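Please look over the chain before reading on.

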Amino acid sequence: MTLEITYIYHNCFIIKWNDESIIFDYPEILSAEEEDFIRKEVANKELGILISHSHFDHFSEKFLDLRLVAKRFTCAVSFDVAKKSSKCAKECLVINEGAMFKILDAEVKAYGSSDLGVSYLLRIGDFSIYFAGDNADWRRKELPPQINRLVWDVFSKTIGKIRAEYGKIDIVFIDLCEICENLGGILYIVNTLKPKLVVPMHFHGNTKLLKRIMKMLSLNAKVFLYDKLGDKIMYS
């Protein structure tokens, strides 16, 4: 099996395999071009949607419109999305931390997040994929010490739990934070989960920042250095 990963914007990506597609974190801030691109990518496909939390840069009810173009449509949203959107609460699986479920042929488990909502661990065939949502090391000097301690506690325990339960992870989608003490914890995740492919995210379209930050790091993994809408990478 080969997985195809396509960059859309920010934390929004599409994973394709066989006749199936999963979209992560469809945000409110997509352009008309990006929305049209997604529709064309998933038209007549079996489509699943995974939303990690309800922040506007990760969630929009507009993703429900994709059921009009997909061959088959299913969705799962975090508990806070369901509280914010009655439509999503009615039409999607509502996910709390610890939930285990299937979306298309992917087996999924929800983990905690150091921000809002959940993060996801997927098994697609023999491949394991971690999608962080907003689970990152957001510690920085301007935050109160107690908040920084809580952030680190949730973030590190979540990554440690995934390692204990699944071992090494093939692909990790992880946030980079330029203003955070540890760039969002990318080195901690890579050193703990030992992925073969790293997909950095959370740039609000500023892919030049992605390349600049990655030049500062030496990761023992391949990195998806996307540049623009529609850039793809294959994993097999």
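Is C12 buried or exposed? C12 has 0% relative accessibility, so C12 counts as buried. Buried means under 20% relative accessible area, exposed over 50%, and partly exposed in between, with a 1.4 Å probe and protein chains only.

## Basis

This is a predicted model: local features need pLDDT of at least 70, side-chain atom pairs count only at pLDDT 80 or more, and totals for chains, interfaces and linings use all residues. Residues are numbered from 1 along each chain as its sequence is written, and side-chain values use heavy atoms, with hydrogens and water left out.

A disulfide is a pair of cysteine sulfur atoms within 2.5 Å. By this rule there are two disulfides. Taking the bonded cysteines in sequence order, the pairing is 1-2, 3-4.

C75 bonds to C92, S to S 2.1 Å. The torsion about this S-S bond is about -90°, so the C75 and C92 disulfide is left-handed. C75 sits in strand β5 (residues 72-78), and C92 in the loop between α3 (86-91) and β6 (93-95), so the pair ties together parts 17 residues apart in sequence. Helices (H or I, at least four residues) and strands (E, at least two) are DSSP runs, numbered from the N terminus. Both C75 and C92 are buried.

The other link joins C177 to C180, S to S 2.2 Å. With 70° about the S-S bond, the C177 and C180 link is right-handed. Both of these cysteines, C177 and C180, are buried.

C88 is buried, with 0% relative accessible area. For C12, the closest cysteine sulfur is in C88, 14 Å away, again too far for a bond.

## Nonpolar cores

A nonpolar core is a set of buried Ala, Val, Leu, Ile, Met, Phe, Trp, Tyr and Cys residues joined through side-chain atoms within 4.5 Å. The largest core holds 80 residues, and F63 and F173 touch the most other members. A second, separate core has five residues, among them A136, W138, C177 and C180.

F63 lies in the loop between β4 (46-51) and β5. F63 is buried, at 0% relative accessible area. What does F63 contact, leaving aside neighbours within four places in sequence? The partners are Y26, I49, I51, F73, C75, V77, C88 and C92. Contact means heavy atoms within 4.5 Å. F63 and C75 are 12 residues apart in sequence, and 9.2 Å apart in space, C-alpha to C-alpha.

## Helix α5

Helix α5 spans residues 186-193. The buried residues of α5 are I186, I189, V190, T192 and L193. Their cover includes β10 (127-131), α4 (145-166), β11 (171-175), β12 (197-201) and α6 (207-216). Just after α5, K194 takes a positive phi of about 50°.

## Largest pocket

A pocket is an open set of points on a 1 Å grid over the protein atoms alone, where a 1.4 Å probe fits, with protein on both sides within 12 Å along at least five of seven lines; lining residues have an atom within 4 Å of a point. The largest pocket has a volume of about 190 Å³. Its lining has 14 residues, and D115, W138, R140, C177 and H202 lie nearest the centre.

Methods:
Points joined across faces, edges and corners; volume = space filled by probe spheres on them.
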